Amino acid sequence: MDQLYREQILEHYKRPHNFGPLEDFDLEFEDSNPFCGDEQHVRIKLSDDDRVAEVRFEGSGCAISTAATSLLSDELEGLSREELLRLDKDFVLELLGIEISATRMKCALLGLKVVKGAGLGQPADWEDEGEEGDPAEFQSSGI
Amino acid sequence: MQTATSAPALPRSLAEIRAEFPILSRQVHEQPIAYLDNGGTAQKPLAVLETLDRFNRTSNANVHRGVHTLSEEATRLYEGARATVARHIGAEQREVVFTRNVTGAINLVAGAWGRANVGAGDRVAVTEMEHHSNVVPWYLLAREAGAELDWVSITDDGRIDQDSLAATLERGPKLLAVAHVSNVLGTINPIPEIARLAHDAGALLLVDGAQAAPKLHLDVAELGADFYGFTGHKLYGPTGVGVLWGRRELLEEMGPYEGGGSMIHKVTKETITWADVPARFEAGTPPIAEAVGLAAAVDWVEELGLDGVHAHETELTDYALERLAEVPGLRVFGPPPGDDRAGILSFELEGVHAHDVSEILDRHAVAVRAGHHCAQVLMERLGVAATTRASFAVYNTREEVDRLIDGLLDARRVFQL
């Protein structure tokens, strides 16, 4: 069977989890992949103790970006904002469980970037290698 | 009565032409490559590769500087390249400026002509089908000058909307910037007619010929534009060199764009005077080997005959459109087959994102472009985030079109459609 487009990826692409609008939210962010123009918009409702209570995302994307964000969205409930910002590339790649080539890395990481952007309230860095903006900068800026 | 018109033929067989491109024998994923990303960059024939190699091995020196033999030789070849390009487009040599690419050519006009001629409250117009290289320089100019940027709409079948063009020109733009051939839709815009309309409205016309130069015979007098830009690497030549053609009186009126060596007449502590055109616009060491390589590409394509190249690509495009119609859920953008359709096909496959289409086609060693094609305003107009684009060159074959179709059908299988 196809390694990249295996059943689980296609399933999340065709029927993404937590997909759609969210009327009542506390955090939101929208960003795009500069290579293909794909956009994702994420909205997060926080609980009284400031943890993720509900996540919804919208946008158009390829199988990889949609599946990655869908898989990621399943993991966010109960996380504090700090924990949200500590999520990293490896976490997403592990969720995907497939090998991602350099040309598709931004597809895989768009959702993570948008989720962290929502947590930060400003654009988060791409975490693919060779890009400007080392994730280490995050930490040094006190996040 | 029907008249049988036979399309101009190529002087050599397709197999012979393909044999001139070493890269076409390359294998990708253990299959021969089907290179259908010529709108991105075209491959280079031996005539170009050997010219580049020969120049670097035997004649390399800086130009317009030394009086030693190599420098004289390099200068002669570089200026010879200018003469070749000028002859190719029916221009005077001094009207041909070497730039780094089309982007460089358009930025030069926006910078040198635009800053002097576009002021607060003025207007500049572009169309919805422009590549970002023919949008962003005008946006920057408008922002700096306090001018307005107007957009000419396109029709649903991917042509310039004549009513919108008329309405835009009525507002009196200083300049209209338009692609000769759309890099997404393949539309061939009627430049002579647009030039007449622009001039009647008192606007200058700049044409982005990036996609047209490898496909169409160009004659600047027939086209009637004021500025025309194209790039070497889409015309079977090297990257790093492009051409700006400008009407002589316009170029002569223009001040410099970038400052540096070669573009001055005399420099003192008090004043600087500018070199004559085209040197005025070629600050610093130019792309010498690349210009010489471009001239080799121009000679090569002239020998082949652009009418024959275009006829071959049109035949392939018609065949591809016919076969693409067999793929369920596939929608092609741009005009239907006809005289205003060049060999560039953008499409959307329902249920499979352009990136995934491209990924799966790559497994079949079919190289296409996926994405927004640096035309995000057009993507918005088409209502898509991205498209997949197959773009032809003279060396492409029907068999490669068949492999494209097989790959698309496989994409549907992979996505269980």
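In which sense, right-handed or left-handed, does helix 2 of chain A cross helix 5 of chain A? In this predicted model, helix 2 of chain A passes helix 5 of chain A in a right-handed crossing. Helix 2 spans residues 63-73 of chain A and helix 5 spans residues 105-120 of chain A; the two pack with their axes 6 Å apart, at an angle of about 40°. Helix 2 of chain A is therefore oblique to helix 5 of chain A. On the side of helix 2 of chain A, the contact involves Ile64(A), Ser65(A), Ala68(A), Thr69(A) and Leu72(A), which meet Cys107(A), Ala108(A), Leu110(A), Gly111(A), Leu112(A) and Val115(A) of helix 5 of chain A. By residue class, this contact comprises 8 nonpolar and 3 polar residues, with no charged residue.

Helix 2 of chain A also packs with helix 1 of chain A, which covers residues 7-14; here the angle is about 85° and the axes are 8 Å apart. The two helices are therefore roughly perpendicular to each other. Helix 1 of chain A contributes Ile9(A), Leu10(A), His12(A) and Tyr13(A) to the contact, and helix 2 of chain A contributes Ala63(A), Thr66(A), Ala67(A), Ser70(A) and Leu71(A). The residues of this contact divide into 6 nonpolar and 3 polar, and none is charged.

Chain B contains an open sheet of 7 strands with mixed pairing, arranged in the order 4-10-9-8-7-5-6. Strand 4 (96-99) and strand 6 of chain B stand at the edges; each has a single partner strand, so one side of each is left without a neighbour in the sheet. On average, neighbouring strands of this sheet are turned by 20° against each other, direction ignored. Helix 3 of chain B (residues 69-89) packs on the sheet, where it touches strand 4 and strand 10 (242-246) of chain B, and the direction of helix 3 makes about 120° with that of strand 4.

Within this sheet, strand 8 (residues 204-208) and strand 9 (residues 227-231) of chain B run parallel and are joined by 3 bridges. Val207(B) stands opposite Tyr228(B) of strand 9. Parallel pairing over 5 bridges also links strand 5 (residues 123-127) of chain B with strand 6 (residues 148-152) of chain B. Ala125(B) has Asp150(B) in strand 6 of chain B as its bridge partner.

A further open sheet of chain B consists of 4 strands in the order 13-14-17-16, with antiparallel pairing. Strand 13 (330-332) and strand 16 of chain B are the edge strands, each pairing on one side only. Strand 13 and strand 14 (residues 344-349) of chain B run antiparallel and are joined by 3 bridges; Arg331(B) is paired with Glu348(B) in strand 14 of chain B.

The contact between the chains takes 14 residues from chain A and 15 residues from chain B. On the side of chain B that touches chain A, helix 12 (354-363), strand 16 (369-371) and helix 13 (376-382) of chain B each supply at least two residues. Helix 12 of chain B gives the most to this side, with 4 residues. The residues of chain B on this side comprise 7 nonpolar, 6 polar and 2 charged.

Notes. Residues numbered from 1 in each chain as written. Chains lettered and ligands numbered in written order. Predicted model: local features only at pLDDT ≥ 70, side-chain atom pairs only at ≥ 80, totals over all residues. Pairing = 2+ DSSP bridges. Contact = placed C-beta atoms within 7 Å. Nonpolar A, V, L, I, M, F, W, Y, C, P; charged D, E, K, R; others polar. Axes fitted to C-alpha atoms, helices over the stretch in contact; angles between N-to-C directions. Parallel < 35°, antiparallel > 145°, perpendicular 65-115°, else oblique. Left-handed = near helix turned anticlockwise from the far one by under 90°.
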